[in-house]
Amino acid sequence: MLLILIVVVAGAATGQMTRIDHAWAAFFMRWLHVLSGVMWIGLLWYLNFVQVPTMPKIQPVESRTAITKFIAPTVLFWFRYAALATVVTGLLLAFMNGYIVQALTLRPGFIMIGVGMWMALIMAFNVWFIIWPNQQKILGLVDATAEEKAAAAPKALYASRFNTMFSVGMLYCMVAQQNAPI
């Protein structure tokens, strides 16, 4: 609501009301892409730099259930849907601006954005098909034996750490495309 109020007040104050056209739609899609990307990467970094390293330090051990039963499932919900929203809005943005094929096939002039897109697709795959299924076992959201839970932990951790490291390069590629396309 605050955003709508800002847009209306700014338009009224300047006499330049927003026109709904292709340029505005592309801008709006980019805004949604950035918004969902901030959510996705923010939660990824929260998990890897805050929650995971802090869990072993929580004493008494019984207090950890507040994280594992309440906070982590909610974080993982927003994490995986932010990943999905980021990928969908990014692909729609590339389509709307007419460069989706050039980027995904890494054609000259679109290599940086294309590499960034492929990195994001790999990261989203990790979220949905490695991290999430293994986290469900770890958190007890699906039935799993103690051995299955123990095996799931390193898989989820390594995929998440991979995504954290990949996110740095992916973000670089996304920004580089606008400033130094190759």
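Trainee: How do the residues lining the second largest pocket divide by class?

Mentor: This is a predicted model, and in it that lining has 13 nonpolar residues, five polar and no charged.

Trainee: What volume does the second largest pocket have?

Mentor: About 390 Å³.

Trainee: And which residues lie nearest its centre?

Mentor: Gln 51, Val 52, Gln 135, Ile 138 and Leu 157, out of 18 lining residues.

Trainee: Which helix gives the most to that lining?

Mentor: H3, with five residues. Helices H2, H3, H5 and H6 each supply at least two.

Trainee: OK, now the largest pocket. What is its volume?

Mentor: The largest pocket comes to about 570 Å³. It is lined by 26 residues, and the closest to its centre are Arg 30, His 33, Val 34, Ile 113 and Met 174.

Trainee: Which helices supply at least two residues each there?

Mentor: H2 (22-54), H3 (65-96), H5 (111-138) and H6 (146-179).

Trainee: How many charged residues does the lining of the largest pocket have?

Mentor: One charged residue, alongside 18 nonpolar and seven polar.

Trainee: Stepping back, what does the secondary structure come to?

Mentor: Six helices and zero strands. In order from the N terminus, the elements read α-α-α-α-α-α.

Trainee: What does the C-alpha trace span along its principal axes?

Mentor: About 60 × 40 × 25 Å. The protein has 182 residues, and 33% of them are buried.

Trainee: What share of the contacts is between residues 24 or more positions apart?

Mentor: 70%, counting contacts with a separation of 6 or more.

Trainee: Back to H3. Where does it bend?

Mentor: At Ile 71, by about 40°, with a proline, Pro 73, following within four residues.

Trainee: And what does H3 reach from end to end?

Mentor: H3 has 32 residues and covers 45 Å from its first C-alpha to its last, close to the 46 Å expected at 1.5 Å a residue.

Trainee: What about H5, where is its kink centred?

Mentor: On Val 127, and the kink is about 35°. H5 has 28 residues and reaches 38 Å between its first and last C-alpha, close to an expected 40 Å.

Trainee: How does H1 do on span?

Mentor: H1 covers residues 2-14, so its 13 residues should span 18 Å at 1.5 Å a residue, and its end C-alpha atoms are 18 Å apart, which agrees.

Trainee: Which residue takes a positive phi just after H1?

Mentor: Gly 15, at about 75°. H3 is followed by Gly 98, with a positive phi near 75°. Just after H5, Gly 140 has a positive phi of about 75°.

Trainee: Which residue has a positive phi although it is not a glycine?

Mentor: Leu 106, at about 55°. Leu 106 sits in the loop between H4 (100-104) and H5.

Trainee: Which peptide bond is cis?

Mentor: The one from Gln 59 to Pro 60, with omega near 0°. Pro 60 is in the loop between H2 and H3.

Trainee: Switching to Thr 164. Buried or exposed?

Mentor: Thr 164 is buried, because its relative accessible area is 2%, and the cut-off for buried is under 20%. Thr 164 is found in H6.

Trainee: What is Thr 164 in contact with?

Mentor: Leaving aside neighbours within four places in sequence, Thr 164 is in contact with Leu 44, Trp 45, Asn 48 and Phe 49.

Trainee: Last one, Lys 137. Where does it lie?

Mentor: In H5. Lys 137 is partly exposed, with a relative accessible area of 28%.

Trainee: What does Lys 137 touch?

Mentor: Val 142, Ala 144, Glu 148, Lys 149 and Ala 152, with residues up to four places away in sequence not counted.

Trainee: And what separates the C-alpha atoms of Lys 137 and Ala 153?

Mentor: 8.6 Å, with the two residues 16 apart along the chain.

Technical notes:
Residues numbered from 1 in each chain as written. Predicted model: local features only at pLDDT ≥ 70, side-chain atom pairs only at ≥ 80, totals over all residues. Heavy atoms only, no water. 1 Å grid on protein atoms, 1.4 Å probe; cavity = no way out; pocket = protein on both sides within 12 Å on 5 of 7 lines; lining within 4 Å. Points joined across faces, edges and corners; volume = space filled by probe spheres on them. Nonpolar A, V, L, I, M, F, W, Y, C, P; charged D, E, K, R; others polar. Expected span 1.5 Å × (residues − 1). Bend = angle between axes of the 7 residues up to and from the residue. Buried < 20%, exposed > 50% of the residue type's maximum accessible area, 1.4 Å probe, protein only. Contact = heavy atoms within 4.5 Å.
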